[in-house]
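Good morning, and thank you for coming.

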Amino acid sequence: MALIIPKRLRWLWLTLGVVLLDRVTKAWFETQTFEGWRREIVHNFIYLVHSRNPGIAFGVLADSASPWTRVLLIGGSVTVICALAWLFAAGHSGGTLTAAGLALLLGGAAGNVTDRIFHGAVTDFFEVRFGSYHYPAFNVADSAIAIGAALIILDVLSAKHHAQEVSKREVS
């Protein structure tokens, strides 16, 4: 007898993949390099670095001296993870792009909250520079979150565009 998994839950394999890839890459950097380590991969463009961010994206709240900051960041992350998991379980994941986007968001949030819980900060290791512009260091989980958000936005915009085209045809 085969186990039948609802179509919407099949995307959770992507979530698991993101969490595992994120954890493996962070563990490698944590054991093989030291904080502050840096290596140029593509001249004046892409670098591997070892940095830790106790704040949220782009280092916001990284300098907070309050012990409650970590608690709030973990609590906020867990709340987001629960909301995303509910969207999947309740079948509100929308189209294919939205389902993939939610799976990526869930995996990224789970990967980063794991770091916050066990290490007090998130390990980042990619860095990009465009001339004098320096994009803050990021990791696999951050990439999954950004790609996931982009997929959801694309799905929403394409659905809106499709709905407008359908309504124009109905009026004509």
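**The sheet, its helices and a pocket**

Strands here are DSSP runs of E of at least two residues, helices are runs of H or I of at least four residues, and both are numbered from the N terminus. Two strands pair if DSSP finds at least two bridges between them.

A word on the source: this is a predicted model, in which local features need pLDDT of at least 70 and side-chain atom pairs count only at pLDDT 80 or more, while totals for chains, interfaces and linings use all residues. Residues are numbered from 1 along each chain as its sequence is written, and side-chain values use heavy atoms, with hydrogens and water left out.

I46 belongs to strand β2, residues 46-53, which pairs with β3, residues 122-130, in the antiparallel sense over six bridges. The two strands are part of an open sheet of four, in the order β1-β2-β3-β4, with antiparallel pairing. At its edges are β1 (38-42) and β4 (133-138), each pairing on one side only. From one strand to the next the twist averages 30°.

β1 and β2 run antiparallel and are joined by four bridges; R39 has L48 in β2 as its bridge partner. Their hairpin has three residues between the strands, and N44 takes a positive phi near 55° there. β3 and β4 also pair in the antiparallel sense, over four bridges, and F126 has F138 in β4 as its bridge partner. In that hairpin, with two residues between the strands, G131 takes a positive phi near 60°.

I turn to the helices. Helix α3 (residues 96-119) lies across β2 and β3, running at about 125° to β3. Angles run from 0 to 180 degrees between N-to-C directions, and axes are lines fitted to C-alpha atoms, for helices over the stretch in contact; contact means heavy atoms within 4.5 Å. The axes of α1 and α3 come within 8 Å and cross at roughly 35°. The residues of this contact divide into nine nonpolar, seven polar and five charged. Here Ala, Val, Leu, Ile, Met, Phe, Trp, Tyr, Cys and Pro count as nonpolar, Asp, Glu, Lys and Arg as charged, and the others, Gly among them, as polar.

Finally, how much space lies in the largest pocket? The answer is about 660 Å³, a volume being the space filled by probe spheres set on grid points, which are joined across faces, edges and corners. On a 1 Å grid over the protein atoms alone, with a 1.4 Å probe, a pocket is an open set of points with protein on both sides within 12 Å along at least five of seven lines; lining residues have an atom within 4 Å of a point. Of the 28 lining residues, I56, A57, N112, D142 and I145 are the closest to the centre of the pocket. The lining divides into 16 nonpolar, eight polar and four charged residues.
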